[in-house]
Amino acid sequence: MLVRVLGSAAGGGFPQWNCNCPNCAGLRVGTMRATPRTQSSIAVSADGTSWVLFNASPDILQQLKASPFLQPNRAVRDTGIVAVALIDAQVDHTTGLLMLREGRPLEIYCTDMVRQDLTSGNPLFNILGHYCGVNWHQVQTDGSSFTVPGVSGLRFTAMSLKSKAPPYSPHRDDPHEGDNIGVVIEDLRSGGKLFYAPGLAEIEPHLVPHMEAAACLLVDGTFWADDEMLSLGISSKRARDIGHLPQSGDDGMIAALARFSKPRKVLIHINNTNPILDEDSPQRAQLSAQRIEVAHDGMEIII
């Protein structure tokens with residue numbers, strides 16, 4: 001299985017256009033060793049030709065230009081993207097669908113709760129109906145698996161996560177199963193598995209067997225500290241308030257991942273305020289000591 005990180009930042013990217021936090025300012029003026037990042041998305045394939053895109057970020061056109069493997073150039077209009085799978089209905093994971101409106105209907109895989117949000121509070125599916133159209137494929141969170149026609153050799157299993165619906169959702173403060181999912185992607189030839197969850201508020205008991213069996217965990221790296229944005233004066237909300245498990249603390253992501261000895265561990269969906277973006281920071285060194293990697297745009301993971 002080939003996994004390509006198209007974008008590794010949280011909403012707004014890094015540096016964020018209007019942010020002068022120590023990270024964004026430091027990157028702009030060159031006083032910090034760090035790498036710019038676009039908003040979170042990955043592509044997966046078993047053969048390097050047919051790909052499933054996970055999330056369509058607002059940076060999708062930039063990401064496609066940086067990923068020539070997604071344009072096989074077999075016809076006047078062509079793409080290597082066979083389908084788009086949505087982890088949630090967040091703006092930074094769905095707005096890019098509008099940039100894919102030219103051509104055939106989009107084959108979109110998501111839960112019914114995500115479909116509801118994208119036909120009501122943020123009616124992207126309705127808008128796309130006036131352009132390319134959408135073929136919706138329902139993703140279940142009951143433990144059943146599915147395959148994507150045209151993408152041979154991969155099997156997908158989704159599981160509901162404890163998190164939050166987008167701020168625009170009618171049930172933002174009333175969580176429903178399927179608002180946010182994690183996915184196990186399995187290579188049917190090698191048996192290798194990727195556990196992918198860019199939004200993860202808690203490692204719940206039903207996730208543990210899937211994470212233990214995975215060759216790689218590609219999981220939520222949004223914030224270092226629960227009060228990260230609060231301490232910078234950027235927001236009044238904590239990491240956990242918006243559905244993200246911070247890395248630090250006795251009950252944070254670093255401590256939670258310590259129980260998994262087998263898988264490779266990679267953080268994705270990294271907020272611009274997170275000190276791990278500074279490659280010389282003590283926080284980054286702490287991750288390295290725990291053998292936890294930080295995803296970057298263009299990163300390739302082979303399973």
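## Exercises on a predicted chain

In this predicted model, 55% of the 303 residues of the chain count as buried.

**Exercise 1.** Work out whether the radius of gyration of the chain agrees or disagrees with that of a compact globule.

*Solution.* Start from the length of the chain, which is 303 residues, and note that a compact globule of this length would have a radius of gyration near 19 Å. Then take the value for the chain itself, 18 Å, which agrees with that expectation. As a further description, the C-alpha trace spans about 50 × 40 × 40 Å along its principal axes.

**Exercise 2.** Find which strands pair with strand β10, and state the sense of each pairing.

*Solution.* Begin with strand β9 (residues 181–187), which pairs with β10 in the antiparallel sense over 4 bridges; here I185 has L194 of β10 as its bridge partner. These two strands form a hairpin with 5 residues between them, and G191 in the turn has a positive phi of about 80 degrees. Next consider strand β11 (residues 216–220), which runs parallel to β10 and is joined to it by 4 bridges; in this pairing, A197 has V219 of β11 as its bridge partner.

**Exercise 3.** Explain why strand β10 can be described as largely enclosed by the rest of the structure.

*Solution.* Recall that a residue counts as buried when its relative accessible area is under 20%. Applying this to β10, which covers residues 193–197, one finds that 4 of its 5 residues are buried, and therefore the strand is largely enclosed by the rest of the structure.

How values were computed
Residues are numbered from 1 along each chain as its sequence is written. This is a predicted model: local features need pLDDT of at least 70, side-chain atom pairs count only at pLDDT 80 or more; totals for chains, interfaces and linings use all residues. Side-chain values use heavy atoms; hydrogens and water are left out. The radius of gyration is taken over C-alpha atoms; the globule rule is 2.2 Å times the number of residues to the power 0.38. Buried means under 20% relative accessible area, exposed over 50%, partly exposed in between (1.4 Å probe, protein chains only). Two strands pair if DSSP finds at least two bridges between them.
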